[in-house]
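Here is a short note for a colleague who is new to this structure. Please keep the model open while going through the points.

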Amino acid sequence: MKKKILSILLSTALISQIGMIPQTSAVYAGGGRRNVVQCTQSGDESRLSRVLPWVIGGTLTAAAGIVLHGLYHSRPDPAKPVPEPEPEKSPPVIRIQTVSKRIAEAKVILNRYESLDTIPADEVYQACNAVESVLRDEPSLLTRDGNFIVVGDLHSNFEALLFVIRRFLAEALNGTQILFLGDYVDKGDEAPGGPQGVKIVTLLFILKVMFPDQVFLLRGNHEDIQQNIMCGFYEECKKKYDGVDVSGTQYVRLNQYFGENDTVTGTKVYDRINSVFNNLSLAAVINGSTFCVHGGISPEIMSDFRLIESISKPLVSFDRGGESPLGRNKLAMDLLWSDPKDDVTKFEFNAPRESGQFFGPSQVDDFLSAHNFKCIFRAHQMATDGYNDVFGDSHIFTLFSAPNYGGAKNQGAMGIINVRSMRFKRFSNTV
Ligand SMILES: [Mn+2]
């Protein structure tokens, strides 16, 4: 109930911000409020430049637990004296923005992101600050009902994200929800425009704040600082924000290239985004019948999948069985790293990945019948058609949403789950 109220407050705070764009824009920082931008331009560009700080900044303030009172008043014009508040007056009217208004604003943000190559670092930080508590307050195991779009690996392919988000926005008015199965960053050298991990996660964070009850983000094995320092995301951040090419460098130790002494922008962006990743949920159950996870199932949840709920967040980065929390959490590692394998008759260590499990058709069937589920949706492996009925019995599907992954000719796909049916929509890299 408390979460629900917070969620409503967040939405309304955010929404009311979006709804009134004053003459003078403002950016919130660290819970405070100050006027820093004087908007004198007209037309779309200037409007956009004013909208986004409001979207993110307004939510940041709310998320930080600052009293919401002031958010519902117009911003003062600095040229005019600010009148004293009138305490006798009745409480401010909270303007609840309609979903259609939010959808329209999201489309504006989408178009702006499409045209930008690099998202300003301050904007990334603001999105991280705004979304962090929203994600942290969600349980490790999400339980949702309704119509869903389900999205597999994106791996830095921004065009793929645009495609699925446009589909979501076209249906959001009807209450459709969208669930991402993780692996937002890393790889993506062959993606149109090159790897766009920062742009993807920043946009996802903003959408999560704008649509907290319709957008859901699970964690993949690449949402982990020890994984994405090796697989491209660190390189992307260093290249875009610091102009430094670190490709080919051996990342032997985690703190070799960043840490307290490394305060350059690219490292800070990388570090901040990774700290938000630690708050992502690990699995979801849709309509009580579809189990969704990035990698796969674990022997630990064969009799009680609700054990996932007991994994507390933030769950800090792992080192594959070492001393850090995720590494010690075998269940979390299994959920993020496991793979189905048709010739396996019992759970086996996933040796090629050095993490997680292999599981076969009988483990899937046992899991489904024990919990009265119909099927499993997972990602984690490339599928030529964008999706794959793994054992041919519609009990477990792999979903992969990054076309032309690693130069392959694969399509991407999204799953479309309704209460009574499910199907897949395939797409290529042309948005
Ligand atoms: Mn993966």
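1. Start with one residue. In this predicted model, phenylalanine 205 is in contact with Ala127, Cys128, Ala130, Val131 and Val276, leaving aside its neighbours within four places in sequence. Find this residue first; several later points return to it.

2. Next, the core. The largest nonpolar core has 99 residues. Which of them touch the most other members? They are Val150, Leu179, Phe205, Leu218, Ala283 and Cys292. Helix α6, residues 197-210, gives the largest share of this core, with 10 residues. As background, nonpolar side chains tend to be buried together in soluble globular proteins.

3. Now the packing of α4 on α6. Two packed helices are described by the angle between their axes and the distance between the axes. For α4 and α6, the angle is about 45° and the axes are 9 Å apart. That angle makes α4 oblique to α6. Their crossing is left-handed. From α4, the contact uses Glu123, Val124, Ala127, Cys128, Ala130, Val131 and Val134. From α6 come Val198, Thr202, Phe205, Ile206, Lys208 and Val209. Sorted by class, this contact of α4 with α6 holds 10 nonpolar, 1 polar and 2 charged residues.

4. Helix α4 also packs on α9. Here α4 spans residues 121-136 and α9 spans residues 265-277. Their axes come within 9 Å and cross at roughly 15°. Are the two helices roughly parallel or oblique? Angles under 35 degrees count as roughly parallel, and the crossing angle therefore makes α4 roughly parallel to α9. This crossing of α4 and α9 is left-handed. On the α4 side, the contact is made by Ala121, Val124, Tyr125, Cys128, Val131, Glu132 and Leu135. On the α9 side, Thr265, Val269, Arg272, Ile273 and Val276 take part. The class count for α4 with α9 is 9 nonpolar, 1 polar and 2 charged residues.

5. Phe205 and Val276 are themselves in contact.

6. The buried ones are Ala332, Met333, Asp334, Leu335, Leu336 and Trp337.

7. Look at proline 299 next. Where is it found? Proline 299 sits in the loop between β8 (290-293) and α10 (325-328). It counts as partly exposed because it has 16 C-beta neighbours inside 10 Å. Not counting residues up to four places away in sequence, proline 299 touches Phe347 and Gln357. Glutamate 348 is 49 residues from proline 299 in sequence, yet the C-alpha to C-alpha distance is 9.6 Å.

8. Threonine 143 is a strand residue, in β3 (residues 141-144). It has 13 C-beta neighbours inside 10 Å, so threonine 143 counts as partly exposed. Phenylalanine 291 is 148 residues away in sequence, and 9.5 Å away in space, C-alpha to C-alpha.

9. Last, the whole chain. The protein chain has 12 helices and 16 strands. Of its 431 residues, 45% are buried. Among contacts with a separation of 6 or more, 71% join residues 24 or more positions apart.

Definitions and conventions:
Residues are numbered from 1 along each chain as its sequence is written. This is a predicted model: local features need pLDDT of at least 70, side-chain atom pairs count only at pLDDT 80 or more; totals for chains, interfaces and linings use all residues. A residue is buried if 20 or more other C-beta atoms lie within 10 Å of its own, exposed if 12 or fewer, and partly exposed in between; C-beta atoms are placed from the backbone. Helices (H or I, at least four residues) and strands (E, at least two) are DSSP runs, numbered from the N terminus. A nonpolar core is a set of buried Ala, Val, Leu, Ile, Met, Phe, Trp, Tyr and Cys residues joined through C-beta atoms within 7 Å. Two residues are in contact if their C-beta atoms, placed from the backbone, lie within 7 Å. Axes are lines fitted to C-alpha atoms, for helices over the stretch in contact, and angles run from 0 to 180 degrees between N-to-C directions. Angles under 35 degrees count as roughly parallel, over 145 as roughly antiparallel, 65 to 115 as roughly perpendicular and the rest as oblique. A crossing is left-handed if the near helix is turned anticlockwise from the far one by less than a right angle, and right-handed if clockwise. Ala, Val, Leu, Ile, Met, Phe, Trp, Tyr, Cys and Pro count as nonpolar, Asp, Glu, Lys and Arg as charged, and the others, Gly among them, as polar.
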